[in-house]
Amino acid sequence: MNEKLLQYLWNFKVFTDFNFKDLDGNPIEIVDFGKWNTDSGPDFLMSKIKINNVILAGNIELHVKSSDWIFHQHSKDPNYDNIILHVVYQNDADIEEFKNKNIPTLELRNHIDVSIFGKYEKLLKETQFIPCEDLFNPNKIQIDFYEESLLKKLEEKSAELEKDLKIHKNNYEAVLFHSLAYSFGLKVNAHFFKQIAESIDFIVFNKIRQNKTQIEALLFGISGWLENPEDEQMKIWKREFDFLKVKFSISDLIIRPKFLRLRPPNFPTIRLSQLADLYHQHQNLFSEIINAKNSNELIRIFSNIKASEYWDTHFNFVKISPVDQPKVLSKDFIELIILNSILPLKYNYHKYHNEEIADEILAFYRHISAEKNSIVDGWKNLGLKIKTALQTQSLIYHYKNYCTAKNCLNCSIGFKILKEDNHV
């Protein structure tokens, strides 16, 4: 057993039973196993559990042994402050900190079939991009699921948005803000940015959006960066944040984004400033997005967005950068925002109003360039000619839902290969 395997089993819910109990014998229901976090910090984010008839929301940390919590020195790391459950394969030590904070520990040793260890080791040895890689020939097997897969993805995303809309009483502007924050955070900070956005009452945010300095001050303050201002601009943001906290009774909650393994243009300081500029420049952002008729109109909304002047000579606070230039949104980043946030919400909005928009939305995707990432590269290496975002979005969805799950019998490619090669 190793920690990676334990995370894998938790993520894919590979257990003999789900009659989970903590070390004191209290039943634990896993309402949401959480999102697997491959960066620093807790292993699973945004999880939910039910214990003693109380639902807890937060993060889950997994270890092979309970004592690993001590060896890894998580107690000293503020990223682990919101742990709601400690999951271990073997409980070899009582953690006093968990007892004091009433954080339950779940031991999985009796919920895992030991035969899975050998099977998993075999899976680890697989080096192919997709299971049928040796049989797939794009010249013989035409891919015909592009539109179908993209619409499936949009429906799934729409269902997720419905949950957020229900929580926020169908306030589309607030949900748009949360979704944009998530996208601006990219992979590393997506959840942190969304938590920051959700911690702000959108009514309050709306009242200050004409003042870009106050928007930045609010976002930077909640991120915990203004506690000890070291230059004049930081002191200005600090004063504004202190004023906003008192005026709008903003809580002392601190949500710290990460800088680890990020290129400087993607630092959370730059992305939050750009998000502030977007809302400052476009006072009717939601209406502009909903009324946009094509991808060029959407791209124009984001084309003049840039971080404030302070960031022309900085990537982080205080330290002057040798590069002096405006931090604008790149075309690739703009298109990524449109694909991940704007079009799914646009699809949901028109669907909510019983307006047929499928063909129009697909046209948006057709006129946006193909994405650049490792999954798209994998398909290209198999010989596929990929030119549009409609193709990349569909192929990414197919890869995640069929190829990685080895769901070949329900895959149109797998069906065609079996039909083509049934003589083998």
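A: Helices α7 and α11 are oblique to each other, a term for angles that are not under 35 degrees (roughly parallel), over 145 (roughly antiparallel) or 65 to 115 (roughly perpendicular). This is a predicted model, in which local features need pLDDT of at least 70, side-chain atom pairs count only at pLDDT 80 or more, and totals for chains, interfaces and linings use all residues. Residues are numbered from 1 along each chain as its sequence is written, and side-chain values use heavy atoms, leaving out hydrogens and water.

Helix α7 spans residues 186–198 and helix α11 spans residues 268–281. Helices here are DSSP runs (H or I, at least four residues), numbered from the N terminus. The two axes come within 11 Å and cross at roughly 60 degrees. An axis is a line fitted to C-alpha atoms over the stretch in contact, and angles run from 0 to 180 degrees between N-to-C directions. The crossing of α7 and α11 is right-handed: the near helix is turned clockwise from the far one by less than a right angle.

On the α7 side, Leu186, Asn189 and Phe193 take part in the contact, and they meet Pro268, Arg271 and Leu272 of α11. Contact means heavy atoms within 4.5 Å. By type, the residues of this contact are four nonpolar, one polar and one charged. Nonpolar covers Ala, Val, Leu, Ile, Met, Phe, Trp, Tyr, Cys and Pro; charged covers Asp, Glu, Lys and Arg; the others, Gly among them, are polar.

Conventions
Helix = DSSP H or I, 4+ residues; strand = E, 2+ residues; numbered from the N terminus.
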